[in-house]
Amino acid sequence: MHSNAIQSAVSVLEKSRNGYVAKSTPATGDPRLDALYGKGVYVLHLRIEKEARANVGRLGRIVFAAGYYAYVGRAFGPGGLFARLTHHLRPSTSPHWHIDFLRPHGVVDKIWWSRTAPACEHSWARGLMRLRGASASVRGFGSSDCRCDSHLIHLTRRPRRAAFRRHLHRLAADCAPPIRCLRIEG
Ligand SMILES: [Zn+2]
């Protein structure tokens with residue numbers, strides 16, 4: 001990703017956070033961003049242009065085919081979604097989560113998020129698997145502490161939010177409120 005694209009996305013986030021802190025209510029004027037001041041579940045959409053090899057912590061060395069990747073996570077710690085999404089936009093120098101090892105090899109296309117219950121992340125992973133061209137990329141990726149095959153889904157085509165939400169609604173309607181989108185590139 002171009003660094004100026006990261007910077008502009010982060011500055012949008014930071015600008016709206018400052019607005020939030022000053023007014024102590026989410027009021028950025030942008031309803032997509034107002035939702036960031038809570039905790040919730042998100043999908044980080046990465047594009048891998050060329051086959052990539054990466055050491056992914058305990059999972060070892062993994063080959064990632066080119067294509068679209070959707071990583072599902074939840075942000076319920078301090079700083080909520082804002083802190084986590086900012087973390088993903090700036091590749092980490094000290095990788096912690098599995099996704100941190102893959103992140104430098106890809107371009108962030110967009111981020112979907114919603115203020116849902118923590119357990120919805122697993123329904124979201126299942127919902128992504130229902131999309132055409134989807135497969136569990138690496139068993140156990142991001143899912144060491146749950147029963148999902150993977151929280152990283154490989155997609156042979158660009159995922160569509162409307163299709164994802166339809167699948168999600170059928171799987172777990174409680175986990176399918178309106179889903180926000182922050183476009184980073186493209
Ligand atoms: Zn899971």
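The following legends describe close-up views of a predicted model. Local features are reported at pLDDT of at least 70 and side-chain atom pairs at pLDDT 80 or more, while totals for chains, interfaces and linings use all residues. Residues are numbered from 1 along each chain as its sequence is written.

**View 1. Overall arrangement of the chain.** The chain contains 6 helices and 8 strands, these elements being DSSP runs numbered from the N terminus (helices: H or I, at least four residues; strands: E, at least two). Along the sequence they follow the pattern α-α-β-β-β-β-α-α-β-α-β-β-α-β. Of the 186 residues, 40% are buried. A residue is termed buried if 20 or more other C-beta atoms lie within 10 Å of its own, exposed if 12 or fewer do, and partly exposed in between, with C-beta atoms placed from the backbone. Among contacts between residues at least 6 apart in sequence, 70% join residues at least 24 apart; a contact requires C-beta atoms, placed from the backbone, within 7 Å.

**View 2. The open sheet.** An open sheet is formed by 6 strands in the order S6-S7-S4-S1-S5-S8, with antiparallel pairing; two strands pair if DSSP finds at least two bridges between them. Strands S6 (134-136) and S8 (180-183) stand at the edges with a single partner strand each, so one side of each lacks a neighbour in the sheet. Neighbouring strands are turned by 25° against each other on average, direction ignored, as judged from axes that are lines fitted to C-alpha atoms (for helices over the stretch in contact), with angles from 0 to 180 degrees between N-to-C directions.

**View 3. Strand S7 and its partners.** Strand S7 (residues 152-155) is covered on both faces, with Leu 152 and His 154 buried on one side and Ile 153 and Leu 155 buried on the other. In a regular strand the side chains alternate between the two faces of the sheet. Strand S4 (residues 67-75) is joined to S7 by 4 bridges, and S6 is joined to S7 by 3 bridges. His 154 stands opposite Tyr 69 and also opposite Ser 135.

View 4. Strands S1 (residues 40-48) and S5 (residues 107-114) run antiparallel and are joined by 7 bridges, with Leu 46 having Val 108 in S5 as its bridge partner. Val 43 lies in strand S1 and is buried, with 26 other C-beta atoms within 10 Å. Although 69 residues apart in sequence, Val 43 and Trp 112 are 5.1 Å apart, C-alpha to C-alpha. Leaving aside neighbours within four places in sequence, the contacts of Val 43 include Ala 70, Tyr 71, Trp 124 and Leu 128.

**View 5. The largest nonpolar core.** This core has 45 residues, and those with the most contacts inside it are Tyr 42, Val 43, Ala 70, Tyr 71, Trp 124 and Leu 128. A nonpolar core is a set of buried Ala, Val, Leu, Ile, Met, Phe, Trp, Tyr and Cys residues joined through C-beta atoms within 7 Å. The largest share of the core, 6 residues, comes from S4.

**View 6. Helix H5.** In H5, 8 of the 10 residues are buried, among them Cys 120, Glu 121, Trp 124 and Leu 128. The buried residues of H5 pack against S1, S4, S6, S7 and H6. Leaving aside neighbours within four places in sequence, Trp 124 is in contact with Val 41, Val 43, Val 72, Leu 168 and Cys 175.

Notes:
Two residues are in contact if their C-beta atoms, placed from the backbone, lie within 7 Å.
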